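Biologist: I've got a new chain to look at and I'd like to go through it with you, one question at a time. Could you bring it up on the screen?

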Amino acid sequence: LQYALVKDGKLVAYNTFGAQAYDGPPVTDDTIFRIRSMTKPIVGVAMMQLWEQGKWKPEDPITKFLPELANLKVASSVDTLDNPVPVSRTPTMNELMTHTAGFGYGLTLTNAVERAFMERDAGHAKDMQALVDLVAGIPLVFEPGKRWNYSIAVDLQGVIIERISGKRLGEYFEQNIFAPLAMKDTGFWLDEADRPRVA
């Protein structure tokens, strides 16, 4: 564990505790942690950078960047994916940014859509195109804009970042977020020499 307390732009407290692993070396100032879902705020920063540059607008349909999602359907039952119906309208970028577009994710098994995301292992698609194609084949949980549901939306935002910028996601992050903020140990891949520093 590490913490830093900053007040009025000044570091007022900082400390490290614990071990990098059970019976492992102690956590140090340069220990590397897996940030897992904290990549999602980084995706949000990248998306907002592109918004500031005028590359997308909240009212844009997601199909402006993800044309593969032009024929989305909505599940007509919580129990089965049989008989999905066409969406009444295409989700917007605002809905994609706020988890209100209607997509599932597979974290719960409460309905057929969530089960489909889990069964098709959406979180481990081999590449961005495979992810979009997989999502295109699973109905929405609900009509766009009807309610909130934690979803695959941030993964789709990653695809959009690549398509707008023309760069791989990691390359965009490095050039536009990590390097400018001197986040020298943040990225998708780990150099073998850094492995002993990983918690």
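Biologist: In which loop is Asn83 found?
Modeller: Helices here are DSSP runs of H or I with at least four residues, strands are DSSP runs of E with at least two, and both are numbered from the N terminus. Go to residues 73–74 for strand 3 and 85–86 for strand 4. Asn83 sits in the loop between strand 3 and strand 4.

Biologist: Before we go on, what kind of model is this?
Modeller: Residues are numbered from 1 along each chain as its sequence is written, and side-chain values use heavy atoms, with hydrogens and water left out. Local features need pLDDT of at least 70, side-chain atom pairs count only at pLDDT 80 or more, and totals for chains, interfaces and linings use all residues, since this is a model of the kind called predicted.

Biologist: How many bridges join strand 1 to strand 2?
Modeller: Two strands pair if DSSP finds at least two bridges between them. Strand 1 covers residues 2–7 and strand 2 covers residues 10–16, and they run antiparallel. Gln2 stands opposite Thr16 in strand 2, and the hairpin has two residues between the strands. The number of bridges is six.

Biologist: Stepping back, in what order do the elements run from the N terminus?
Modeller: The protein chain has six helices and four strands. Read from the N terminus on, the order is β-β-α-β-β-α-α-α-α-α.

Biologist: And what share of the residues counts as buried?
Modeller: The C-alpha atoms fill a box of roughly 55 × 40 × 35 Å along the principal axes. There are 199 residues in the protein chain, and the buried share is 37%.

Biologist: Let's pick Leu50: which residues does it touch?
Modeller: Leu50 is in helix 1, residues 39–52, and it is buried, with a relative accessible area of 2%. A contact means heavy atoms within 4.5 Å. Leaving out residues up to four places away in sequence, Leu50 touches Lys55, Trp56, Ile161, Ile164 and Tyr172.

Biologist: How far apart in space are Leu50 and Tyr22?
Modeller: In sequence they are 28 residues apart. In space, C-alpha to C-alpha, the distance is 42 Å.

Biologist: How many aromatic pairs are there, and what type is Phe173 with Phe178?
Modeller: Rings of Phe, Tyr and Trp (its six-membered ring) pair if their centres lie within 6.5 Å; planes under 30 degrees apart count as stacked, over 60 as edge-to-face and the rest as tilted. By this rule there are five aromatic pairs. Phe173 and Phe178 have ring centres 5.7 Å apart and planes at 65 degrees, so this pair is edge-to-face.

Biologist: Which residues do ring pairs link into a cluster?
Modeller: Phe173 and Phe178 are both buried, but the cluster is made of other residues. Its members are Tyr105, Trp148 and Tyr150.

Terms used:
Buried means under 20% relative accessible area, exposed over 50%, partly exposed in between (1.4 Å probe, protein chains only).
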